[in-house]
Amino acid sequence: MTTLDWGLGSFETIAPQLHPAAREVVAVAGAVAGEHVVDVGCGTGSAALFAARPGVLVTGVDPAARLLEVAREQAVAAGRDVTFVAGEAARLPLADGQADVLISNFGLIFAPDPALAAAEITRVAAEAARIVYSAWLPGGPFGAINDAAAAAAAPVSGANPIANAFPWHDAVAAAGLFGHHGFEVAVHSRRLTFSVASPQVYWQEMFLEHPLGRMLAPLMEAKGLMGALEHNVMEVLERINEDPDSFRFTAPYVIVEARR
């Protein structure tokens with residue numbers, strides 16, 4: 001399995017499509033003045049910036065140096081006081097019990113070692129902390145897109161860094177991670193709409209500029225498989241399109257909430 005570099009591509013152009021989910025995560029977490037919020041896998045800092053309210057201390061953590069720079073620039077532009085530091089879910093640069101709220105908008109779900117990530121997150125969690133993250137449901141539009149890409153990439157060994165991913169969306173699986181650390185888990189269903197000008201624009205600006213697309217493209221080009229990849233993905237995009245005049249699809253996801 002290949003390690004995915006989230007600094008590849010232009011994730012900052014994709015992140016705004018995820019803003020509604022980031023707002024939902026922040027709302028469920030319900031941070032108040034005097035609390036410390038930690039955004040795990042913060043990427044360009046969207047959820048961290050939404051959480052940055054008066055009196056709330058916010059720290060964003062991500063392993064991608066380029067995305068952290070983008071996040072800092074966006075914080076300055078928005079006039080938000082947020083600290084962004086290098087780290088990852090399994091190695092958080094925080095002291096024991098330092099975080100009152102830990103959030104993650106489709107970031108924690110890419111942790112390579114879920115058990116280690118859960119242990120680390122609960123280590124830095126304060127006694128009354130809550131953990132809130134979003135996760136895609138299996139199947140649905142993204143499942144179809146990923147399956148189509150995986151089928152084209154099958155001849156490229158180790159090209160899929162999210163193969164056999166942990167079921168972060170599942171209440172039982174999440175309880176298995178956080179339950180023995182003293183947390184009870186609840187799962188809330190949500191839906192997120194993606195909209196761009198056309199399926200071709202999605203292919204060019206969302207798929208190919210996504211870190212996974214940027215990682216996959218040169219491997220596919222080296223094997224002469226880019227045509228097959230585009231054909232497979234475009235076929236799915238045409239099928240899932242909800243708006244014949246442009247391009248829109250709705251993806252189901254969940255917000256997982258763990259509280260002591």
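The axes of helix 6 (residues 140-153) and helix 10 (residues 226-240) come within 8 Å and cross at roughly 160°. Axes are lines fitted to C-alpha atoms, for helices over the stretch in contact; angles run from 0 to 180 degrees between N-to-C directions. Helices (H or I, at least four residues) and strands (E, at least two) are DSSP runs numbered from the N terminus. This is a predicted model: local features need pLDDT of at least 70, and side-chain atom pairs count only at pLDDT 80 or more. Residues are numbered from 1 along each chain, and side-chain values use heavy atoms, without hydrogens and water.

**Exercise 1.** Classify the relative direction of helix 6 and helix 10.

*Solution.* Take the crossing angle, roughly 160°. Angles over 145 degrees count as roughly antiparallel. Helix 6 and helix 10 are therefore roughly antiparallel.

**Exercise 2.** Describe the contact of helix 6 with helix 10 (heavy atoms within 4.5 Å) by residue class.

*Solution.* Start with helix 6: P141, A144, I145, A148, A149, A151 and A152 take part. Helix 10 brings A228, L229, N232, V233, V236, L237, R239 and I240. The contact residues divide into 13 nonpolar, one polar and one charged. Here Ala, Val, Leu, Ile, Met, Phe, Trp, Tyr, Cys and Pro count as nonpolar, Asp, Glu, Lys and Arg as charged, and the others, Gly among them, as polar.

Methods. Parallel < 35°, antiparallel > 145°, perpendicular 65-115°, else oblique.
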